[in-house]
Amino acid sequence: MKVLVIGYVWPEPKSSAAGSHILSIMQTFLGQGWQVEFASPAQKTPHMFDLNNIHVSSAEITLNCDSFNDYIAAFDPDIVMFDRFMMEEQFGWRVDTYCPNALKILDTEDLQSVRNARHLAHKAGRPLTAQDWSSDLAKREIAAILRCDLSLIISDYEMNLLQAQYKLEPSLLHHLPFMFDTDKLTENPSFEERQHFVTIGNFRHAPNWDSVLFLQQIWPQIRKQLPTAELHIYGSYPPPKATAISNEKTGFIVKGWCDDAYEVVKNAKVMLSPLRFGAGIKGKFLDAMVCQTPSITTPIGIEGMFDSENWPGLVSEHAENIVTDAVNLYSNSALWQQKSSLCHNKLIEKFAKAPLACDLIEKINSLRNDLEQHRLNNFTGQMLKHHMHASTKYMSQWITEKNKSRHNDE
């Protein structure tokens, strides 16, 4: 079987959890002996993964260009997976036209509309409203889910939301959290061998940058009680405004790019990442669990993973409680040991790759065997294809002709 993955960006597993997640999905396909090609209209980056290392071919494609029609017709995939709903919007109608029998999968990574709604509510200092759940972004994302044969949903919270809030059929959804090869788990440094706090995350991701600004506010209170402790802040693409707030004297240190997340996380005593908005599952906390590093975060941070009682760390929502928890977990050896000992068991319990990969392949094979009936059962999706793809198709064709005209004029 041939699989085409259409990526929003080129995978950067050392920059984001999304990059690691899409690589693990492609490796699952490769494990079946399937041929996998990754194509993207995005610019290539210095930190992108070399797909040749896992025997995945690659292609550069162009938005609003008929060259994609020839490309996909020649490749003739059995499965097309879109990386985030924007790629389905751009290329979905072309896939339907030139490869109508290909199984269409949407890898949502996390629900963009949920993250955006929470971000707007947070900036406005208000709770979420019914209008937030009915935003234009939500309509676009839910429509893309309905137009696909299967959507991969990273958290059980989002699975429940899609069915309860948007009344989506369970047959269109598949819960697929991050997949981790638990055979690679090893022992890590002890409490006495570690020092300092750490946080990590791509600075281009709004929840991560907001968390850094929040930490800047509360760090002086932590530092006052732990005068030798430092907070090391790692992440790809740090902007000047991030490096400008780094301060060696106060121990609030922006380190920036990190080539090996495990190396820095396993030598830290505590992962400190109080996320105030976001969606999906946060990869930094899986890194912490691999390294047996207890973490302090918020209810948003643990969403889709475990409840607060089973969290391998401490969970607080208010600044004063986060400060107290940070000081307590950092200095209390017995509490630290208790939380650290949970890490590997929790990781195996929910994120072991083997059973998750097996369930995914079983779901895909089942759909392929009954694809015609599955599509007939999804009338709303077919209706959206008929109307929305037509409008997207003609807009794209208009842009294509406009670009051709501009090129000819030049």
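Start by selecting three elements: β8 (197-200), α8 (206-225) and β9 (231-234). Each supplies at least two residues of the lining of the largest cavity. Keep in mind that this is a predicted model.

**Stop 1: the cavity**

The structure holds one cavity of 30 Å³ or more. The space in this largest cavity comes to about 60 Å³.

Now select the lining: Thr199, Ile200, Gly201, Phe203, Asn208, Ser211, Val212, Ile233, Tyr234, Ser273 and Lys284. Which element gives the largest share of this lining? Colour α8, which provides three residues. Then colour the lining by class.

**Stop 2**

Move on to the second largest pocket, with about 290 Å³ of space. Two elements each give two or more residues to its lining: α4 (112-124) and α12 (299-302). Of the elements here, α4 gives the most, with three residues.

**Stop 2: Thr298**

Follow the chain on either side: Thr298 sits in the loop between β12 (295-297) and α12. Is Thr298 buried or exposed? Its relative accessibility is 4%, so Thr298 counts as buried. The cut-off for buried is under 20%.

Show its neighbours. Leaving aside residues up to four places away in sequence, Thr298 touches Pro274, Leu275, Val315, Ser316 and Ile322.

**Stop 3: helix α6**

Finish with helix α6, residues 136-147. What distance does α6 reach from its first C-alpha to its last? The twelve residues of α6 reach 17 Å, close to the 16 Å expected at 1.5 Å a residue.

Select the buried residues of α6: Ala138, Glu141, Ile142, Ala143, Ala144, Ile145, Leu146 and Arg147. Look along the helix axis as you do this. In an α-helix there are 3.6 residues a turn, so residues three or four places apart point the same way. Glu141 and Arg147 are among the buried residues of α6, and both count as charged by residue class.

Terms used. Residues are numbered from 1 along each chain as its sequence is written. This is a predicted model: local features need pLDDT of at least 70, side-chain atom pairs count only at pLDDT 80 or more; totals for chains, interfaces and linings use all residues. Side-chain values use heavy atoms; hydrogens and water are left out. On a 1 Å grid over the protein atoms alone, a cavity is a set of points where a 1.4 Å probe fits but cannot get out, and a pocket is an open set with protein on both sides within 12 Å along at least five of seven lines; lining residues have an atom within 4 Å of a point. Grid points are joined across faces, edges and corners, and a volume is the space filled by probe spheres set on the points. Helices (H or I, at least four residues) and strands (E, at least two) are DSSP runs, numbered from the N terminus. Buried means under 20% relative accessible area, exposed over 50%, partly exposed in between (1.4 Å probe, protein chains only). Contact means heavy atoms within 4.5 Å. The expected span of a helix is 1.5 Å times one less than its number of residues.
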